[in-house]
Amino acid sequence: MTDKKKGPKLVSRRNTLKGIGAGALLATTGMPKMMGYAQAQTSEPIKIGFQVHRTGIGAAYGRWYDRTTQAAVKRINDMGGINGRPVEIVAEDDGTDPKRGAEVVEKFASQHNCDIAFGTLFSHVVFGSAPRAGELKLPYFVVSEGHHVASGKLNRYTLQPGITDVKSQVQAMAPFVGDNLGKKVTMIYPDFAFGHDHRDFFSEAIERQGGQVVAKIAVPPAETSFTKYFPKIPRDTEVVYHVMVGPAVLTFVKELGEFFGPSRPEIFGFIDSLEAVDINSPGLEFLEGTYFWEGMPRYAQANQTSHDKLYREAVGVDENGASTSDPKDVSTFAHMFGCWETLNIVKKGMESAGYKGPEDRAKLIEAVEAMSDMPMSDDHPQGAKRFNGKTHQTFGSQYISKVTDGKLVVSHTTSIEDTLYEDEVDYTTQPF
Amino acid sequence: MTDIQRSNWLHIGVVIALACSFFILPEYHSGNLARILVLAVYAMGYNLLFGYTGLLSLGHALFFAAGMYGLGLAMQFFDFNPIAAVIAGLILALVVSICVGFLALRTTGVAFMIVTLMFAQAGYLTILYFGEYTRGDEGFVIQQADRMVGMIDLTSPMGRFFTALLLFAICFFIIAYIVRSGFGLALVAIRENEERATMLGYDVMRLKLQAVVISGVMSGSAGAAYALLFGYAGATFATVQYSIFPLLWVLLGGAGVTIGPLIGTIFMFYLIDYSSAITPAYMLIAGLALVLLTLFAPQGLAGELRRRFLPWLP
Amino acid sequence: MEFGPHLILASLEGAVIAAVLAMTAMGLSIVFGIMRVVNVAHGEFFMLGAVIAWWVAHLLGGHPAVGFIAALVFAPLLVAIIAATADRLVLQRIDYDPDRTIVGTIGLLYIIQQVTLMTFGPEARPVEAPFNQRLAIPWFEFGENGFEIYWPWGLSITSYKLFIIVAAIAILTALWVLMTKTKIGLIMRATQQDSEMARAFGVPVKRVYAWVFGLGAGLAAMGAVLVVPVQQAHYLMGHDPLLLSFIVVIIGGLGSLPGTVIAAVLIGMSDGIISVFFSPTLAKILATLLVAMVLVFRPQGLMGKLRS
């Protein structure tokens, strides 16, 4: 068994080896007096199973989630690891598929003996994997921005402490859209559960602002041509609200521009529609002056914080949100910070729980549930967070940016209060 | 020993060996095997239609999903207990396979492939269209607390494994019985030469419809079992990809061999699992393996076994 | 938008889809018709065309037209060579056995996708169109002042999309000439009708098959090069073209090239036009069922001959 575990993983672990080495060195030299068994145990790495979308529809996100995760782990190990033990990432591809996702979680729990599982983005993979994580009693930290965790549909072992959920994001947008852009909104969204969340939560929120959604256009999945749907946008629309995912997002935005030509209404979009896409791609000129939600501002702003700076340098992202080694390789900047912040929360949780091994998994969950306010820091470069231990969901500021001279410039930052909503579940009442 | 005795011993032996393996294998692999057994049921359903009757369907995910959603929605919205929900799943798969069979069997060959493909695609889109109830692509979780049959906890490793094995054994024996029965031989006759079967006085249309329905319900039972044992129902399982999987498993294992689907499913599962442990580019290894298999094991693994060593394999 | 302009817009969009589909499906139809094998990797040849187009345009730089024209030449050629090699290495060795071809081409599909993912990456990458003006389209109405022409909001197409339609017609015409007026076409048709007899008359059937397989893949790649300035190159983009062209070939009638074109136009256009009347996903469901029903009631396809 041990051979099987060690041999094959070399390639995916290579990147972490350096970090582990440094961490291990620190861990052992830092405590020279500990002997024998105790030393062996303390220097044994904490294993984090990383469920990564390397192939399938989520691969563009997966690559950047991977880079961010490696950078965060390197930083943690450089600072001495967790409880003096180095962190080791065990990465497994889930193919962006819920069946394989569940299999990967099983592999983390019973073959790799990971301490926790972490990192899933696409919400159908979260749904497919979470039941198995709960049954195997494996803490499962997702970075998905879905409303699944807070809706109460999952279990006590599943948490989302590092990224806000779609419900809070969407409802925080409504006041800005209603006050600044217009009251009559047409929504265009994918005909997926994710799109339906946008539809339902935004419609509700804009009505509270005295606004109205005049048309809801759900685009079928895997669609590659969009113009034929745009005539359903009513003439009296003041704002087009768009959110799209998948490889055809650039076509979608381009065709939207071609459809309207010179006389466009106000346009407000979720950056998901252009995540990992250069905003200066040919055909996107019309986006100048339109607005985007951003989880974290892709372009370094004039008032850039030292935390943002450190984070970009560590991950290898330049001031335009692209890779430092290839300016054409645009990151998924609005989402991937969640990996960084989640790992830092895991570290804090393990430290305050005095985590030693899998037998302390429940203690780790309780320690994270006890967390609440987390100020902006190097650990939380996106901004301050407020974690709700009952719903296992974090809340934080959202950014609204305007495209100005081909760059996204933040024009409004919501408060955490704007994103709060009533609890829908109390996971702490569930047994472990 | 006669061939019939041999094959009886083979089928019983396989089931006993599987049961023993639960106590021998490490937890990870016995967990995998539970999933493989459920998927092998899906492949066995497929094999009856493709391997024995000669009808290549590209839409079996529709039946799998019918079982999955029949069970899932019944538990989610009507609080059915697991047994009643499984029956609901089977009934839905039955109804869907009768409708599809009735229409699609007007065609043969490639047209049959396309018609089944289109029906499955329409089914997938319908799941998305009714996203309010099905939660579309995201799907829904069947809570752990609801997955109890009497005192048996289906979420425990043992409960899950032996439920999967029970379903597998039932379907395995049904298939073993069918292929030896007059009905099964008639299906093979249709596969070999449909015109001759008609001239011999078989009601070909009726036999084919029966094959579609049995195959569809068996696939549906796999879908229901998957949702029940692994706690999740989602539209991914209704996509084309999941229609192609059973075809692939059956062709790899050996079409028209009773143990072919099991062997193919195990092979494909571990091909992905082990190659993904060697390199992130595991699809490359899987692809190469498939190409090499077509070159050197043209009748699938069990098919080769039958051709070379065990001519009596049913 | 009013009904009339909406219908026009949907039809134009449908025509663009139909044009690309006709080329991709024609590639599959030739392979299917002549070699009688289901090539599951056909969509991947489409994808390779788009990806190579991006490489070529990216390497050349300069005016977008330079890259585009170079891509239009090199991408189909390269893809054809890859396909012909695959035919030699795999399909010929398994003697075009239908079942084994399915598994073999699924294997090819995995290999091509993974290699593309490792070299090209998971992003969707755009290729700039050589020209792309927005052309507003006028519409008329009989109002209070009698007959009037006006410019409805949103009713427009781009010059490049029109070019796709024209280019597809030109390429398909050239193909038709190749198949019916030249010796190459004659050899191909002879092989299709009776490969044994063709062999007896000295046709190098094996080499013809390799050429046909290459030609089919090249056509798919050419369709992809045309569409890549509108869509983007992405390593999973081959999935839909595979399914759609497969459907088109069967609906058109196996082995009937005119049938393939007619079916491509029907399916491309119906996809656009049905979306005028129903909500998008419902429209897709109906269009899908419509295709199934065509085959249920006409199993040999639109232009196919009923085989006894």
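Across the interface of chain B and chain C, the rule finds zero salt bridges; a salt bridge here is a side-chain nitrogen of Lys or Arg within 4 Å of a carboxyl oxygen of Asp or Glu. Hi everyone, and before going on, a word on what we are looking at. This is a predicted model, in which local features need pLDDT of at least 70 and side-chain atom pairs count only at pLDDT 80 or more, while totals for chains, interfaces and linings use all residues. Residues are numbered from 1 along each chain as its sequence is written, chains are lettered from A and ligands numbered from 1 in the order in which they are written, and side-chain values use heavy atoms, with hydrogens and water left out.

Let's stay with chains B and C. On chain B, 41 residues are in contact with 41 residues of chain C, where contact means heavy atoms within 4.5 Å. The buried area between these two chains is about 3,500 Å², and carbon and sulfur atoms give 85% of that. Buried area is the accessible area, taken with a 1.4 Å probe, that two parts lose on being put together, summed over both.

Now to chains A and B. How many salt bridges does the rule find across the interface of chain A and chain B? There are seven. One pairs B:Asp273 with A:Arg100, the closest N and O atoms being 3.1 Å apart. This interface takes 38 residues from chain A and 39 residues from chain B. Together the two chains bury about 3,300 Å², with 53% of it on carbon and sulfur atoms. On the chain A side, A:Lys99, A:Phe127 and A:Glu135 lose the most area to chain B, together 17% of what that side buries.

Over all chains, the structure holds 44 salt bridges. In one of them, A:Glu369 meets A:Arg156 at 2.7 Å, N to O. A:Glu369 lies in helix α12 (residues 361-369) of chain A and A:Arg156 in the loop between β4 (140-141) and β5 (158-164), so the pair ties together parts that are 213 residues apart in sequence. Helices (H or I, at least four residues) and strands (E, at least two) are DSSP runs, numbered from the N terminus.

That same helix α12 of chain A packs with helix α11 (residues 333-353) of chain A at about 115 degrees, their axes 8 Å apart. Axes are lines fitted to C-alpha atoms, for helices over the stretch in contact, and angles run from 0 to 180 degrees between N-to-C directions. The two helices are therefore roughly perpendicular; angles under 35 degrees count as roughly parallel, over 145 as roughly antiparallel, 65 to 115 as roughly perpendicular and the rest as oblique. Residues of α11(A) in this contact include A:Ile345 and A:Met350, which meet a group in α12(A) with A:Leu364 and A:Val368 among them.

Last stop, chain C. Helix α2 (residues 42-60) and helix α8 (residues 205-227) of chain C have axes that come within 7 Å and cross at roughly 50 degrees. They are therefore oblique to each other. Among the residues making the contact are C:Phe45 and C:Ala53 of α2(C), and C:Phe213 and C:Ala220 of α8(C).

Finally, find C:Ala15, in helix α1 (residues 3-35) of chain C. Leaving out residues up to four places away in sequence, C:Ala15 touches C:Ile165 and C:Met269.
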